[in-house]
Amino acid sequence: MKGLSISAVVKSFGGLSVLSGVDLEVPEGSFTAILGPSGSGKTTLLRIIAGFERPDEGQVRLGDEVVDDSAQRFVPCEKRRIGYVPQEGALFPHLSVGRNVAFGLARHERHSGRVDDLLELVGLAGLARRHPHQLSGGQQQRVALARALASQPEIVLLDEPFSSLDASLRASLRADVHDVLRLSGATSILVTHDQDEALSMADQVAVLRGGIIAQINAPSTLYRAPRDADLAQFLGEANLLEGMCEGDTVLTGLGELEVASGAGNGSGHATGPVRVMVRPEQLLLGEVDTTGISSVVRSYEYFGHDAVVRVQPDDGGLPELVVRITGGTPLAPGARVGLRVHGTVVVWPEDAAAAQSVRITPT
């Protein structure tokens, strides 16, 4: 298998800049998600990797080989050993499932048993004679994945392959696809606008913003220590507060909190005015007058596995806060609770936050 290296890739369409200097390293055998809102250039970047589009500037390298240097060197898509899974599968409706999977294989490979092996791998054993219209949406995506793996590619590219499926099917299918790709050993790249999808599937997540990679990290690091407040809000719900930081602590309307060390805290432990991130699961509720800050419940939404409570602290300087709890007794609007913070918080200097001019809007 091969890794991927992208250096200073630029791409415009009709004078409109889409990618403005993308740098990305994808280790061999890893799973990388490229996350960004609709229109951020994710699919354009994927098509450049595949060889369907050419960059205006920059270089694409697969392993040790330069496949596109935007000037003289260009390896066409059919010679890159890349498998591509488009949105909604794009199967040939007039071909059977087996013939769809075998489409890119040499004639002698079509009857070697590889098609049956691939269909078994993706959980579709015995369905080779069916046609796409006889399959569910999830089954069609499995066929598309099997077709992409048929030629034993070095890299598999997935272009929002679950976006047209309902929520429950999407969750189960992405787990199965993740397992299949692990077994294949291929280097995998997924583009998506779905934060849950990216964080749950990938070894590393690259957030595409303003035509560049704004941050790339392991999912847990990206969630715990986003580089700025907009990234924090894009990667899940985040309560943002004002605070005054000095050393390892920050004074906020929720009390004196400990600042997390490491990435995500601007230039380290800031001194002076800062913005403070508190994730909903860090807020704990208890009896009023015995736990933290006195607050009133504004709303309670139950989701089975957990519940989201919106509370308004009595301190008029604090915004309405989002709290995530695990089930329990429903809290009626108007109920009074005590509120406190568990764990360390991430801070950014106020001047750095103000300088952040590109906002990511979740879709």
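Which residues are exposed on the other side of helix 5? They are S168 and L183, where exposed means over 50% relative accessible area, buried means under 20%, and partly exposed lies in between (1.4 Å probe, protein chains only).

Before we go on, a word about the model: it is predicted, so local features need pLDDT of at least 70 and side-chain atom pairs count only at pLDDT 80 or more, while totals for chains, interfaces and linings use all residues. Residues are numbered from 1 along each chain as its sequence is written, and side-chain values use heavy atoms, leaving out hydrogens and water.

**Helix 5**

Helices (H or I, at least four residues) and strands (E, at least two) are DSSP runs, numbered from the N terminus. The buried residues of helix 5 are R170, L173, R174, V177, H178, V180 and L181. They share the same side of the helix because they cover an arc of only 165 degrees around the axis, taken from the directions from the helix axis to the C-beta atoms. Among the elements these buried residues pack against are strand 3 (31-35) and helix 6 (195-201); contact means heavy atoms within 4.5 Å. After helix 5 comes G185, with a positive phi near 80 degrees.

**Strand 11 and its partners**

Two strands pair if DSSP finds at least two bridges between them. Here are the partners of strand 11 (residues 239-246):

Strands 11 and 12 form a hairpin with two residues between them, and G247 in the turn has a positive phi of about 65 degrees.
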